[in-house]
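Here is a short report on one protein chain.

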Amino acid sequence: MLNLPKDKKIILFDGVCNLCNSAVQFIIKHDKKDIFRFVALQSDLGQEIIKHIGIDAKNIDSIILYQPGIAYYYKSEAVLEIAKNLGGIYYFGTLFSIFPIFFTNYIYDYIAKNRYEWYGKKESCIIPTKELQAKFLE
């Protein structure tokens, strides 16, 4: 865990989920301050981070935002924190934080449960272009 960038926030995502991959592409496009790095949950590093922060890998069907040595956010909290960090108009997405976490996680879990059926699934994790390789950790 020593080789993780301390000045970046790490997004762990389902590397075979089309919805998740689209979300990663969206975040990269709007990450004007170069805040985020990405790790597929299925990768060795993704599994190592999950174990390090104490989340049971069997229960993972969610996005995780990890700030090395500081905190981690899970499910809808991760989405809201990412929106806050993107800034601009996306900051207004944090207005959903007025709702109780059990409610926003309920909606998140419903989408997560149906994401493969609605959006499809890839055979393997995303392979970044040369321009984007620095955004993905291995």
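Strand 1 (9-13) and strand 2 (36-40) pair in the parallel sense over five bridges. Two strands count as paired if DSSP finds at least two bridges between them. I11 has F38 as its bridge partner in strand 2. Helices (H or I, at least four residues) and strands (E, at least two) are DSSP runs, numbered from the N terminus.

This is a predicted model: local features need pLDDT of at least 70, side-chain atom pairs count only at pLDDT 80 or more, and totals for chains, interfaces and linings use all residues. Residues are numbered from 1 along each chain as its sequence is written, and side-chain values use heavy atoms, with hydrogens and water left out.

**The sheet**

Strand 3 (residues 64-67) pairs with strand 4 in the antiparallel sense, over four bridges. Y66 has Y72 as its bridge partner in strand 4. The hairpin of strand 3 and strand 4 has three residues between the strands. G69 in this hairpin takes a positive phi near 75°.

Four strands make up an open sheet with mixed pairing, in the order 2-1-3-4. Which strands stand at the edges? Strand 2 and strand 4 do. Each has a single partner strand, so one side of each is left without a neighbour in the sheet. The twist averages 20° from one strand to the next. In a regular strand the side chains alternate between the two faces of the sheet.

**Helices on the sheet**

Two helices lie across strand 1, strand 2, strand 3 and strand 4: helix 2 (residues 44-53) and helix 3 (76-86). Helix 2 runs at about 75° to strand 3. Helix 3 runs at about 115° to strand 4. Axes here are lines fitted to C-alpha atoms, for helices over the stretch in contact, and angles run from 0 to 180 degrees between N-to-C directions. Contact means heavy atoms within 4.5 Å.

Helix 3 is mostly covered, with eight of its 11 residues buried. Buried means under 20% relative accessible area, exposed means over 50%, and partly exposed is in between (1.4 Å probe, protein chains only). The buried residues of helix 3 are S76, A78, L80, E81, I82, A83, N85 and L86. Their cover includes strand 1, strand 2, strand 3 and strand 4, along with helix 1 and helix 4.

**The cores**

A nonpolar core is a set of buried Ala, Val, Leu, Ile, Met, Phe, Trp, Tyr and Cys residues joined through side-chain atoms within 4.5 Å. The largest one has 19 residues. I11, F13, I27, F36, F38 and I82 have the most contacts inside this core. Strand 1, helix 1 (18-30), strand 2, helix 3 and helix 4 (101-119) each give two or more residues to this core. Helix 1 gives the most, with four residues.

What does F38 touch beyond its neighbours within four places in sequence? F38 is in contact with I11, F13, V24, I27, I28, K135, F136 and L137. A second, separate core of 14 residues includes L4, L45, I49 and I53.

**The largest pocket**

The largest pocket has a volume of about 780 Å³. On a 1 Å grid over the protein atoms alone, a pocket is an open set of points where a 1.4 Å probe fits, with protein on both sides within 12 Å along at least five of seven lines. Lining residues have an atom within 4 Å of a point. Grid points are joined across faces, edges and corners, and the volume is the space filled by probe spheres set on the points.

The lining has 27 residues, and A23, I63, V79, Y108 and I111 are the closest to the centre of the pocket. Helix 1, helix 3 and helix 4 each supply at least two lining residues. Helix 4 supplies the largest share, seven residues.

Most residues other than glycine have a negative phi.
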